Amino acid sequence: MGKPTGFLEYQRETSEEVSPKERVLHFQEFHIPLSKEKQQVQAARCMDCGVPFCQSGMLIGGMASGCPLNNLIPEWNDLLYTGNYEQAFHRLKKTNNFPEFTSRVCPALCEAACTCNLNGDPVATKENERTIIEYAYQKGYAKAEVPAVRTGKRIAVIGSGPAGLACADQLNQRGHSVTVFEREDRIGGLLMYGIPNMKLEKHVIDRKVELMKAEGIEFITGVNVGVELKAAKILKEYDCAVLACGASKPRDIKVPGREAAGIVFAVDFLKATTQSLLRSNLADGQYISAKGKKVLVIGGGDTGNDCVGTAIRHGCAKIMQLEMMPKPPAVRTADNPWPEWAKVLKTDYGQEEAIALFGRDPRVYQTTVKEFKMDEKGRLKKAVLVKLEAKAEEKTGRITMVPVEGSEYEVETDLVLIAAGFLGAQEYVAKAFGVELNGRGNVKTQEGEYQTNIGKVFAAGDMHRGQSLVVWAIREGREAAREVDRSLMGYTNL
């Protein structure tokens, strides 16, 4: 587990970031990795802690603590420290199909649960992971591995996000023949069009997809299963179908004036930007531009932050981000001890950029929209905001955020981006396959299982568990693949 005294001898060091004022001039990734030698020193900080919570992936207080993929973190940290990159890659790949994705976009649940984080700085596990996988590509360790034997079973995976890709990868390696259907023009799902380029450059996805093609997986884009391609045809031609279509039904803001021109969902804003970027580096103008606009982002999560960063790169004139909940504390509180996920204030890249360019944090806490106002042509011109306060319901004691009477105020805005989360799967796919949904709008299965009420149909990822992290989607895809394999073969070694 690294160097036994490494955590005492070495300080945490992470990649250098391009300054906010420089990086907003482009849509490229902006982290400058440490040298291979420096990253090995960081791996040396992984202490012989005995109980590595970093790889536990358990729920504590309703929140994940440690890696949901149960990555063998102490093992590959040690292998990185000793310079055994090839073996480190194989140990990493054993539990994670896509370290090239998670090492860029994961919030690093492993680091939050690191024992070094109890009284110091955690091991730089996320960047150690990126070093291993990028070196593996550089040296040819990450290469196509075609299954030696095929089972003759055919599986259709609907959706090419992280859950669908992980499921397809596992089943293909088992020897089944897998076809992945994607309704968009490119493979990747939310990885491609839900996460901006500066967090995950799209050639990283394409590189992995090309390997998967070489391993025998078939990818079909531009086909909307359930509309253009009937579910009945899928069920007739394939032994099983796995639904991994994501939780793509955005939560709306239902207030007066919502119909005003200039109010769009975050997912549409981000997708259009990435599509135009890939087609023409934004030269075609076929995207929802924030250039010169006063932008209001509704939602304080990762998607809201991505909207802030993207709008700034467009050249917005002003940016504000609304968050309904109170501002989190700067440090852990007594009721949020390690190794729980720390519920503390996080200032992400988009907010950092807003502070650098506009001189203030764009976030406004305990605030929501009460009304939108438009001009005589129906174009958005103002939003009426209202402050919120926490109140406990009399019967249940549940805390809810309620408007503060008389706290309304107006702000000028001509572009609103709704990043208020998602309400579950789009019903048409579920309806086409005849699968049931639960009360949250996700595909219904038995607890901890992936088979739906239709025996040949399984579900995984956000469509199954609701909006979540990429790392959880990968786990769901892997577990669904195991269940599919068992149903087809009578046993599984996945």
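**Salt bridges and the parallel sheet**

A: Glu-13 is partly exposed, with a relative accessible area of 33%; this class lies between buried (under 20%) and exposed (over 50%), for a 1.4 Å probe and protein chains only. The model is predicted, so local features need pLDDT of at least 70 and side-chain atom pairs count only at pLDDT 80 or more, while totals for chains, interfaces and linings use all residues. Residues are numbered from 1 along each chain as its sequence is written, and side-chain values use heavy atoms, with hydrogens and water left out.

The side chain of Glu-13 forms a salt bridge with that of Lys-38, at 3.6 Å from N to O; the term denotes a side-chain nitrogen of Lys or Arg within 4 Å of a carboxyl oxygen of Asp or Glu. This pair links distant parts of the chain, 25 residues apart: Glu-13 lies in the loop between α1 (6–9) and β1 (16–17), and Lys-38 in helix α3 (residues 36–43). Helices (H or I, at least four residues) and strands (E, at least two) are DSSP runs numbered from the N terminus. Lys-38 is likewise partly exposed, at 42%.

A local pair is formed by Glu-210 and Lys-213, whose closest N and O atoms are 3.4 Å apart in a salt bridge. Because they are 3 residues apart in helix α11 (residues 202–214), about one helical turn separates them.

Glu-410 and Lys-382 also meet in a salt bridge through their side chains (3.4 Å, N to O). Here, too, distant parts of the chain are linked, since Glu-410 in strand β16 (residues 409–412) and Lys-382 in strand β14 (residues 380–392) are 28 residues apart. In total, the structure holds 32 salt bridges.

Turning to the strands, an open sheet of 5 strands has the order β9-β17-β10-β11-β12 with parallel pairing; two strands pair if DSSP finds at least two bridges between them. The edges are β9 (263–265) and β12 (363–365), each with a single partner strand, so one side of each is left without a neighbour in the sheet. Neighbouring strands are turned by 25° against each other on average, direction ignored; axes are lines fitted to C-alpha atoms, for helices over the stretch in contact, and angles run from 0 to 180 degrees between N-to-C directions. Strands β10 (residues 294–298) and β11 (residues 318–323) run parallel and are joined by 5 bridges. Lys-294 has Lys-318 in β11 as its bridge partner.
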